[in-house]
Amino acid sequence: MTDTPELAHLIEAARAARENAHAPYSKFKVGAAILGESGRIFAGCNVENAAYPQGQCAESSAIGAMVTAGDRRILAILVMGGETGAEDICTPCGGCRQRIREFATPETPIHICDPAGLRRSFPLETLLPESFGPTNLAF
Ligand code: THU
């Protein structure tokens, strides 16, 4: 999907969501965008809270938007965070890797961006190997 119109749409959706991030404590704004199985794009931002542990990651917000709209499969997800050109890229936290797993496959691409554009892409399997998912409960 590198350099496709779909990637460009995901980047723009994540960028717009990131602008609305509520990150007064960390000042670390993140936007996420999901391509759902219907072809629609769902975006979300991080929503921090004065009671710090109650904050929510951008990926969680985007997944909530997708599920609320009725989609159940993530075909691709893009995360935009951090500073342009920063050494560290904004990969999803461990909890969000598991949340993505619920609606994705090991092959699902996770695109990591900074505000200037795409930095890296990983299949979910690379970020969450040997994962536990819905099929583990299909007994
Ligand atoms: N954050 C995300 O929203 N997604 C990530 O992939 C990494 C971290 C948020 C959580 C918190 O609001 C801020 O970034 C700093 O950790």
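Guide: Let us begin with the idea of a polar contact, which is a pair of N or O atoms within 3.5 Å. Please keep in mind that what you see here is a predicted model.

Visitor: With that cut-off in hand, which side chains have an N or O atom at 2.5 Å or 2.6 Å from an oxygen atom of the ligand?

Guide: The side chain of Glu48 has an N or O atom 2.5 Å from an oxygen atom of the ligand, and for the side chain of Glu59 the corresponding distance is 2.6 Å.

Visitor: Which residues surround the ligand, and how do they divide by class?

Guide: Among those around the ligand are Ser26, Ala58, Pro92 and Cys93, together with Cys90 and Thr91. By class, this shell has seven nonpolar, three polar and two charged residues.

Visitor: Where does the ligand sit?

Guide: A pocket is an open space, whereas a cavity is one from which the probe cannot get out. In this model the ligand sits in the largest pocket, whose volume is about 200 Å³. Of the 14 residues that line this pocket, Phe28, Val30, Asn46, Glu48 and Cys57 are the closest to its centre. The lining as a whole divides into seven nonpolar, five polar and two charged residues.

Visitor: How many cavities of 30 Å³ or more does a search of the whole structure find, and what lines the largest cavity?

Guide: The search finds one cavity of 30 Å³ or more, and the volume of the largest cavity is about 30 Å³. Its lining includes Gly81, Gly82, Asp88 and Arg119, while strand β4, residues 109-114, gives the most to it, with three residues. By class, the cavity lining has four nonpolar, two polar and four charged residues.

Methods
Residues are numbered from 1 along each chain as its sequence is written. This is a predicted model: local features need pLDDT of at least 70, side-chain atom pairs count only at pLDDT 80 or more; totals for chains, interfaces and linings use all residues. Side-chain values use heavy atoms; hydrogens and water are left out. On a 1 Å grid over the protein atoms alone, a cavity is a set of points where a 1.4 Å probe fits but cannot get out, and a pocket is an open set with protein on both sides within 12 Å along at least five of seven lines; lining residues have an atom within 4 Å of a point. Grid points are joined across faces, edges and corners, and a volume is the space filled by probe spheres set on the points. Ala, Val, Leu, Ile, Met, Phe, Trp, Tyr, Cys and Pro count as nonpolar, Asp, Glu, Lys and Arg as charged, and the others, Gly among them, as polar. A residue is near a molecule or strand if one of its heavy atoms lies within 4 Å of it. A polar contact is a pair of N or O atoms within 3.5 Å; within protein, one must be able to donate a hydrogen and the other to accept it, and residues adjacent in sequence count only if both atoms are side-chain atoms. A molecule sits in a cavity or pocket if more than half of its atoms lie within 2 Å of its grid points. Helices (H or I, at least four residues) and strands (E, at least two) are DSSP runs, numbered from the N terminus.
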